[in-house]
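Visitor: I have a model open on my screen and would like to learn how to read its side-chain features. Could you take me through them?

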Amino acid sequence: MCPVTDLVPVPDDPLSEVAAAVLGVGEHQVVDLLDVVREPAPVGVDVVRAGDDLLPRLAHENALSHALALARKALRPGGLLVAAVPELDRLSMLRPTAPPPRVSGRGRDRQVTVQLWDWAADGESYALEVVRLVRGETSWEVANTVATRHRVLTAEQISDELSGAGFGAVQRLSPAECGYLLPVWVAVAPA
């Protein structure tokens with residue numbers, strides 16, 4: 001069964017902050033989209049959240065429509081799908097090799113996450129390697145690495161996918177509106 005957590009806005013987590021702003025802070029059931037895809041989700045949850053690179057990864061695997069349908073099925077009427085999605089369609093012509101590193105935590109708990117991008121010749125997909133560094137006793141150490149492949153999604157494609165899965169009130173929040181470096185999408189499960 002998918003892990004379910006209560007909705008409490010977590011500092012530096014735009015998805016929980018956006019969901020709490022819409023639903024209000026309190027006893028709301030939250031599941032991750034990847035958990036919904038991997039195993040049966042409880043029905044009637046309040047929020048399904050999708051982290052930064054999940055929708056483009058599912059799109060590359062031709063599994064995005066199915067995953068969004070599962071999310072819609074798991075949500076209660078009026079429940080939210082909240083997803084942070086990079087919009088790299090404008091960058092595909094430039095084909096950058098990496099965004100700036102992301103630093104989190106403070107002092108001994110500080111972590112650095114680095115992404116490396118390798119673009120397909122057509123610019124419509126890219127390989128993504130993520131390396132997370134943590135402080136060791138005397139130097140930085142690699143905590144873990146992940147390699148995946150992602151499809152570049154336009155804002156129009158994301159909106160179409162969400163609408164096609166049966167969501168209503170689909171809204172894109174710009175980084176300026178949500179305070180996060182990526183756009184955050186909010187979609188409501190209809191009543």
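Guide: Let us go through salt bridges, aromatic pairs and a charged patch in turn. This is a predicted model, where local features need pLDDT of at least 70, side-chain atom pairs count only at pLDDT 80 or more, and totals for chains, interfaces and linings use all residues. Residues are numbered from 1 along each chain as its sequence is written, and side-chain values use heavy atoms, with hydrogens and water left out.

Visitor: How many salt bridges does a search of the whole structure find?

Guide: A salt bridge is a side-chain nitrogen of Lys or Arg within 4 Å of a carboxyl oxygen of Asp or Glu. The search finds five. In one of them, R76 meets D46 at 2.4 Å, N to O. R76 lies in strand β4 (residues 75–84) and D46 in strand β3 (residues 45–50), so the bridge ties together parts 30 residues apart in sequence. Strands here are DSSP runs (E, at least two residues), numbered from the N terminus.

Visitor: Is D46 buried or exposed?

Guide: Buried means under 20% relative accessible area, exposed over 50%, and partly exposed in between (1.4 Å probe, protein chains only). D46 counts as buried because its relative accessibility is 9%, while R76 is partly exposed at 26%.

Visitor: Which residue forms a salt bridge with E87?

Guide: That is R172, with the closest N and O atoms 2.9 Å apart. This pair links distant parts of the chain, with R172 in strand β9 (residues 168–173) and E87 in the loop between β4 and β5, 85 residues apart.

Visitor: What describes a pair of aromatic rings?

Guide: The distance of the centres and the angle of the planes describe such a pair. Rings of Phe, Tyr and Trp (its six-membered ring) pair if their centres lie within 6.5 Å; planes under 30 degrees apart count as stacked, over 60 as edge-to-face and the rest as tilted. The structure holds three aromatic pairs. W117 and W119 have ring centres 6.2 Å apart and planes at 85 degrees, so they are edge-to-face. W117 and Y126 are tilted, at 5.9 Å centre to centre and 55 degrees between the planes. Ring pairs link W117, W119 and Y126 into a cluster.

Visitor: Which residues form the positive surface patch?

Guide: Patch residues have over 30% relative accessible area and no salt bridge; like charges are joined within 9 Å, and nonpolar side chains (Val, Leu, Ile, Met, Phe, Trp, Tyr) within 5 Å. Here the positive patch is formed by R106, R108, R110 and R135. R106 lies in the loop between β5 (102–104) and β6 (111–119), and counts as exposed at 70% relative accessibility.

Notes
Areas by Shrake-Rupley, 256 points an atom, 1.4 Å probe, with all protein chains shown as cover. Lys, Arg positive; Asp, Glu negative; His and termini not counted. Charge placed at Lys NZ, Arg CZ, Asp CG, Glu CD. Helix = DSSP H or I, 4+ residues; strand = E, 2+ residues; numbered from the N terminus.
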